[in-house]
Amino acid sequence: MLLLGCIKEVSDYELAISLPNGLSGFVPVTQISDAYSKLLTKQVAQGELLEELNSLPEMYSPGTLVRCIVTSIEKGADGRRSVKLSIDPKKVNKGLSSTSLAAGMLLSGSVLSMEDHGYLIDIGVTGTHAFLPHQKAKNYIKAVKKGPDLKIGQNLNCLIVEVKNEGRVVCLSIERTEVAASIASERHNWALSNLLPGLVVKARVQKVAPLGMKLTFLSYFTGIVDFMHMDPEKSMSYSPDQVVKACVLSVHPTSRAVRLTLRPPFLHPGGAPRQLPGQRMGAVLEEATVKAFYKQFGAVFELDDGTLAFARLKHLSKTRKSFKPGAFKEGCKHKCRIIDYSLMDEMCVVSLKHQIIEARFLQYQDIHTGDVVQGKVLSLKPIGMQVKVADGIRGLVPSLHLSDVILKQPEKKYNVGDEVKCRVLECNPGGKKLILTLKKSLVQSKLPVLSNYEDAKPGLITHGFVVCAREFGCIVKFYNDVKGLVPKNELGSDPISCPDKVFYEGQVLKVMVLKCEPQQERLLLSFRLSSKPGPEDKWKCTPKEKQEVKYRIGEIVDVKILKKKENGLEVSILEDEDSVVAWIPTLHLSDFVATSKLLWYCLREGDVLPRVMYLSNKGEHIILSRKSAVISAVQEEQVVRSFSEIQPGMLLTGYVRNVMPFGVFVEFPFGVTGLSPKMSMSDKFVTDTKDHFVVGQTVIAKVTSIDEEKQRVLLNLKVSECSSGDSAAESFALLNQYFKELKEIRDLLKRGEPSICDLMPGKGVHLVVQDVREDGSALFSGSPVKGLTVTAIRYHLGDKNVAPGEKRKAMVLHVDALISEVYVSLREELLKKRP
């Protein structure tokens, strides 16, 4: 199908085309012309830019009318159809032959090459050479302002001035005045098989109907003008037999239906339709008046400025069921929003849907750098994640920005259809380019958004992400591709000899601006937030900003418990003038999981815990650890600070982060993580991984292999493989630490009134039988410590029959402080052995 279209947007890879009746399509870069496609192929083959190949934006401008042919209609993943077009003269003019060409004809052509006296033009007619003299092109070139010459692939509205040798040679003109004055007539011998859109004809009104008119033109052709293409100033005054000037809009090849327009800008070839003022797009109008309602199509409204707008049926109500035709009688008023502008219809497209009127974003121009947006995951690819922000607005989350840490398998965290909260890193409405980040540190940041060099005032503190760590320092990036350098001496309060081992690509950090030269786009930064700000800025560092660089991993501090929470302790670091708040997870109170729970149980708010180590800074809190083995490993430098330091055979102390059916994930200080597969977990046969390890357990792991490409570490947790040599000394050291912590717990429990710690295993006690259960076990009372459950199982009652109320002598076997239970025995052989 042949159509007249108007270029709406131009990008490097396609032309977006406005088509009649509010439709739109696109012309791929490969459908411009044969000559242009050959240049593209040559450039790809050579791998370097060709001087004679110009980009689409260098040749085409929005608002230009072009003849198009529909090549295909494609259905996208979201169910929407997209119309693929071509402006290649070989396809558009395929109905013409060399014998049908006549002087005065208007048709499309494309620049083939530049010669000494003019240009060779491809008009798509086999056996015909078309020539455009310089004299007939100079005024057009001057008006278009696209350079001193026409460019290969440039589409032109050509008027045939002369036909020679029975159509084998034609001479053309693109002079604007000559083209504008051209009118198709019977002497050009136009036939329905080669009739072209864009031709201006004199037509006679045959019939006038509510939805349009029927016209006759070029003696025996008939065509239709629909209600959207009647001249709005004369729409009520057309009558049969009236002669009007019209322009061919489309020609359907099978139904042979011809559609025309009577709108003034199309009645002179080479004209341009009116554009919508930029500020009107997306505008919400409180009252738009219904001018006409068409039950099969939609409604025409008059807007506040007197212009007309069209709303399709589906945009008149939320659903088909909620649609009420009675609400769209002439004169009725409705609230609506301008959602598009049809250049070919010179009419705004509006919607009455509440969700569209209230929508935050309608087009890329509505989105600004630094905006926090909600989106839906469309796809996951190696380059990153594609996110749908709104209808027609899509963004890309590069793989580096999928998380605060680099994800090796993002498909395990995200699924297609998931709702995600992103922040806009960069937005280019012209190129429809939207770059987003999912890094929580950036999305949740309350610090200023640095999106241009002019805003980078000395003393400003903001969040940035590391893109490069080298021996000279770190390159840190912000929004809109703004970037700066943190020199080696500004990386921290202590000297850092190897920045690439401390900082990693994608790491989000707070930085302070030291100096900026906007003209040169040079920015000097510092990670030392406690540095004094420059005199130009009164920015003050808060305690939270200072704490990030104040403590380094491995630093030992004393803390005071502020609050006991379900999964840990909130503490303040003593001898710190800023009263920095930190967090000790329950599982980091001890190397032993059971002891960790006991310690949490015994500790009270206000207690002081000495020698706690700074472990990391995740989220809002500094994370501290009291695991003795982990602290020793860090102090003795038996650790790796980055993936690059890991070597097979290394023995590393860490703690279980996660237990999965296929293996155990172990985390080490400085954030390196490894996996111990099921077969390498234990010297025993492993049926269920949860039977062997629990989250938080301190372990010694042996590195078996590393995969640098996937940044993966495989570990061995078998006791037989993870000994440094003197296994007896290691075991005694662990036992010693265990008993030391038990003594600490006992001392904590002894505070105040008699406690459960007074009931040591082996101690004799006098109890009263309270109850005998069905399973034969007995429950006792009379314990010196209140609130305890004292039990003896059937075996430990021996051969004695006990009855409620009897007094008995017993020996303490086991004390479970966490659940306040004590197990005792009445067996004679044990009581006799008691000293």
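Is Glu286 buried or exposed? Glu286 counts as exposed, at 54% relative accessibility, where buried means under 20% relative accessible area, exposed over 50%, and partly exposed in between, with a 1.4 Å probe and protein chains only. The model is predicted, so that local features need pLDDT of at least 70 and side-chain atom pairs count only at pLDDT 80 or more, while totals for chains, interfaces and linings use all residues. Residues are numbered from 1 along each chain as its sequence is written, and side-chain values use heavy atoms, with hydrogens and water left out.

The side chain of Glu286 meets that of Lys335 in a salt bridge, at 3.8 Å from N to O. This pair connects distant parts of the chain, since Glu286 belongs to strand β16 and Lys335 to strand β19, 49 residues apart. A salt bridge is defined here as a side-chain nitrogen of Lys or Arg within 4 Å of a carboxyl oxygen of Asp or Glu. Strands (E, at least two residues) and helices (H or I, at least four) are DSSP runs, numbered from the N terminus. Lys335 is partly exposed, with a relative accessible area of 35%.

Strands β16 and β19 also take part in a barrel, which 5 strands close in the order β16-β17-β18-β20-β19 with mixed pairing. From one strand to the next, the twist averages 50°; the axes are lines fitted to C-alpha atoms, for helices over the stretch in contact, and angles run from 0 to 180 degrees between N-to-C directions. Strand β16 (residues 284-294) and strand β19 (residues 333-342) run antiparallel and are joined by 4 bridges. Two strands count as paired if DSSP finds at least two bridges between them. Val284 stands opposite Arg337 in β19.

Another barrel is closed by 5 strands in the order β6-β7-β8-β10-β9, again with mixed pairing. Its twist averages 50° from one strand to the next. Strand β6 (residues 106-114) runs antiparallel to strand β7 (residues 118-122), and 4 bridges join them. Val111 has Ile121 in β7 as its bridge partner.

The UniProt record, an unreviewed entry, carries the annotation "domain: S1 motif" for residues 1-88, 104-175, 198-263, 370-439, 459-528 and 649-718. UniProt positions are given in the numbering used here, feature names are shortened, and annotations may be inferred rather than shown by experiment. Over residues 104-175, the chain is 10% helix and 47% strand, with the end C-alpha atoms 13 Å apart. The span of residues 459-528 is 6% helix and 50% strand, and its end C-alpha atoms lie 11 Å apart. Leu529 is found in the loop between β30 (522-526) and α9 (543-550). With a relative accessible area of 1%, Leu529 is buried. Leu529 and Leu460 are 69 residues apart in sequence, and their C-alpha atoms are 9.8 Å apart in space.

Side chains of opposite charge can pair when their charged atoms come close. In the whole structure, a search finds 22 salt bridges. One of them joins the side chains of Lys433 and Glu426, at 3.5 Å from N to O. Both residues are partly exposed, Lys433 with a relative accessible area of 38% and Glu426 with 23%. The side chains of Arg808 and Glu806 meet in a salt bridge at 2.9 Å, N to O. Arg808 is partly exposed, with a relative accessible area of 22%, and Glu806 counts as partly exposed at 28% relative accessibility.

Asn189 has a phi near 60° and is found in the loop between α5 (176-180) and β11 (200-209). Asn189 counts as exposed, at 56% relative accessibility. Arg611, which is not a glycine either, has a positive phi of about 50°. Arg611 is found in strand β34 (residues 608-618) and is partly exposed, with a relative accessible area of 48%.

On the surface, Phe732, Leu735, Tyr738 and Phe739 form a nonpolar patch with about 440 Å² of accessible area together. Patches are made of residues with over 30% relative accessible area and no salt bridge, where like charges are joined within 9 Å and nonpolar side chains (Val, Leu, Ile, Met, Phe, Trp, Tyr) within 5 Å. Accessible areas come from the Shrake-Rupley method with a 1.4 Å probe, and for residues only the protein chains shown count as cover. Phe732 is found in helix α12 (residues 727-749) and is exposed, with a relative accessible area of 61%.
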